[in-house]
Amino acid sequence: MRRFSDEVHVRSGALGEAHDAPVQFVWRGRLYVVRELLSRWRERRAWWEHSAVAAVHGDEPAVTAVGAGRGGAATAARPVLELGDLEREVFRVEASVGRCAASGVYDLARSVALGTAAVSEGAGTTAPGGTDGAWQLLRVSD
């Protein structure tokens with residue numbers, strides 16, 4: 001099994017009993033078609049690696065300026081760490097590049113906050129054209 005942290009573009013849809021599972025994804029310029037959803041789970045991220053924590057400690061600049069404060073100067077927005085930012089949903093899928101190509105096992109993850117937004121919209125997708133944003137490829141076993 002190889003570990004990655006690559007951004008992938010995912011098209012979600014109905015796959016088996018899951019209505020918001022990845023059905024296709026593009027990784028390194030190649031389109032992968034999901035053959036089967038093997039499992040699905042949630043995992044907690046390391047909160048101390050989040051950009052909001054780094055901004056509080058001065059390692060990263062604050063997010064944006066909010067507006068004029070009492071002295072007329074702009075005040076920086078306080079970084080916020082939401083609970084949905086700490087959890088991600090992982091989908092373990094079997095996918096292949098084409099019909100005749102060998103299948104591999106891929107772990108695709110997205111923020112729980114993105115997943116709940118997609119489900120509440122009812123369409124299973126969040127961006128125009130049917131692709132969800134902010135997906136990552138975590139592990140590959142082929």
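Val8 lies in strand S1 (residues 2-15), where helices (H or I, at least four residues) and strands (E, at least two) are DSSP runs numbered from the N terminus. The model is predicted: local features need pLDDT of at least 70, side-chain atom pairs count only at pLDDT 80 or more, and totals for chains, interfaces and linings use all residues. Residues are numbered from 1 along each chain as its sequence is written, and side-chain values use heavy atoms, with hydrogens and water left out.

Val8 has a relative accessible area of 1% and is therefore buried; the term means under 20%, whereas exposed means over 50% and partly exposed lies in between (1.4 Å probe, protein chains only). Beyond its neighbours within four places in sequence, Val8 has contacts (heavy atoms within 4.5 Å) with Val26, Trp27, Leu108, Trp135, Gln136 and Leu137. Gln136 is 128 residues away along the chain, yet its C-alpha atom is 5.5 Å from that of Val8.

The whole structure holds seven aromatic pairs. Rings of Phe, Tyr and Trp (its six-membered ring) pair if their centres lie within 6.5 Å; planes under 30 degrees apart count as stacked, over 60 as edge-to-face and the rest as tilted. Two of the pairs involve Trp27:

| Pair | Centre distance | Plane angle | Type |
|---|---|---|---|
| Phe4 and Trp27 | 5.1 Å | 75° | edge-to-face |
| Trp27 and Tyr32 | 6.1 Å | 45° | tilted |

The pair of Phe4 and Trp27 links strand S1 with strand S2 (residues 18-27), across 23 residues. Phe4 is buried at 18% relative accessible area, and Trp27 is buried at 7%. Tyr32 is buried as well. Phe4, Trp27 and Tyr32 belong to one aromatic cluster that also includes Phe25 and Tyr106.
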